[in-house]
Amino acid sequence: MPTGFHYVYLLVSLEEPSRHYVGITSDLKARLEKHNEGGCPHTAKYPPWRIETAIAFSDKAKAIAIESLDECAKNGPRALCERTREAGTPGWPALGYSARL
């Protein structure tokens, strides 16, 4: 059920607790079901999943910016984080974050 919020969520695999996934959605229940049904290639190998944490944003741009911080941390190369920031990831400056690289 959409609520007008955009959620950045952290999933943990119940079978492999060291496996995590961060995503963004406007419907947490439907998205979790999709992950657990194998409908997402990034999580299909390690179901079932549970939501560890979810943060609600009324501003979609801020939710996208927070999720992109996770992408920078995971994928690491400084160039990726720089390109993300230079591309004007929506909401990045408004959040007051500077990536610690």
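What percentage of the 101 residues in the protein chain is buried? Buried residues make up 30% of the chain, where buried means under 20% relative accessible area, exposed means over 50%, and partly exposed lies in between, with a 1.4 Å probe and protein chains only. The structure is a predicted model, in which local features need pLDDT of at least 70, side-chain atom pairs count only at pLDDT 80 or more, and totals for chains, interfaces and linings use all residues. Residues are numbered from 1 along each chain as its sequence is written, and side-chain values use heavy atoms, with hydrogens and water left out.

**Overall architecture**

The protein chain contains four helices and three strands, arranged along the sequence in the pattern β-β-α-β-α-α-α. Helices (H or I, at least four residues) and strands (E, at least two) are DSSP runs numbered from the N terminus. The accessible surface of the chain comes to about 6,300 Å², and 54% of that surface belongs to carbon and sulfur atoms; such areas come from the Shrake-Rupley method with a 1.4 Å probe, and for residues only the protein chains shown count as cover. Of the contacts between residues at least 6 apart in sequence, 52% join residues at least 24 apart. A contact here means heavy atoms within 4.5 Å.

The three strands form an open sheet in the order E2-E1-E3, with antiparallel pairing. Strands E2 and E3 (49-57) stand at the edges with a single partner strand each, so one side of each is left without a neighbour in the sheet. On average, neighbouring strands of this sheet are turned by 20° against each other, direction ignored. Helix H1 (residues 28-36) packs on the sheet and touches E1, E2 and E3; the direction of H1 makes about 150° with that of E3. For these angles, axes are lines fitted to C-alpha atoms, for helices over the stretch in contact, and the angles run from 0 to 180 degrees between N-to-C directions.

Strand E1 (residues 6-13) pairs with E3 over eight bridges and with E2 over six bridges; two strands pair if DSSP finds at least two bridges between them. A hairpin of six residues joins E1 to E2. Seven of the eight residues of E1 are buried, so this strand is largely enclosed by the rest of the structure. Val12 has His20 as its bridge partner in E2 and stands opposite Arg50 in E3. Tyr9 stands opposite Gly23 in E2, and its bridge partner in E3 is Ala54.

**Selected residues**

| Residue | Relative accessibility | Class |
|---|---|---|
| Thr25 | 13% | buried |
| Arg50 | 37% | partly exposed |
| Glu52 | 40% | partly exposed |
| His42 | 62% | exposed |

Thr25 is placed in strand E2 (residues 20-25). Leaving aside neighbours within four places in sequence, Thr25 is in contact with Phe5, His6, Tyr7, Tyr9 and Arg31. A polar atom of the Thr25 side chain also lies 3.1 Å from the backbone nitrogen of Asp27.

How many salt bridges are counted? The count comes to one, a salt bridge being a side-chain nitrogen of Lys or Arg within 4 Å of a carboxyl oxygen of Asp or Glu. Glu52 forms this salt bridge with Arg50, and the closest N and O atoms are 2.7 Å apart.

**The loop between H1 and E3**

His42 lies in the loop between H1 and E3. His42 and Tyr21 are 21 residues apart in sequence, and their C-alpha atoms are 8.0 Å apart in space. Pro48 is found in the loop between H1 and E3. The peptide bond from Pro47 to Pro48 is cis, with omega near -5°. Most peptide bonds are trans.

Notes: A polar contact is a pair of N or O atoms within 3.5 Å; within protein, one must be able to donate a hydrogen and the other to accept it, and residues adjacent in sequence count only if both atoms are side-chain atoms.
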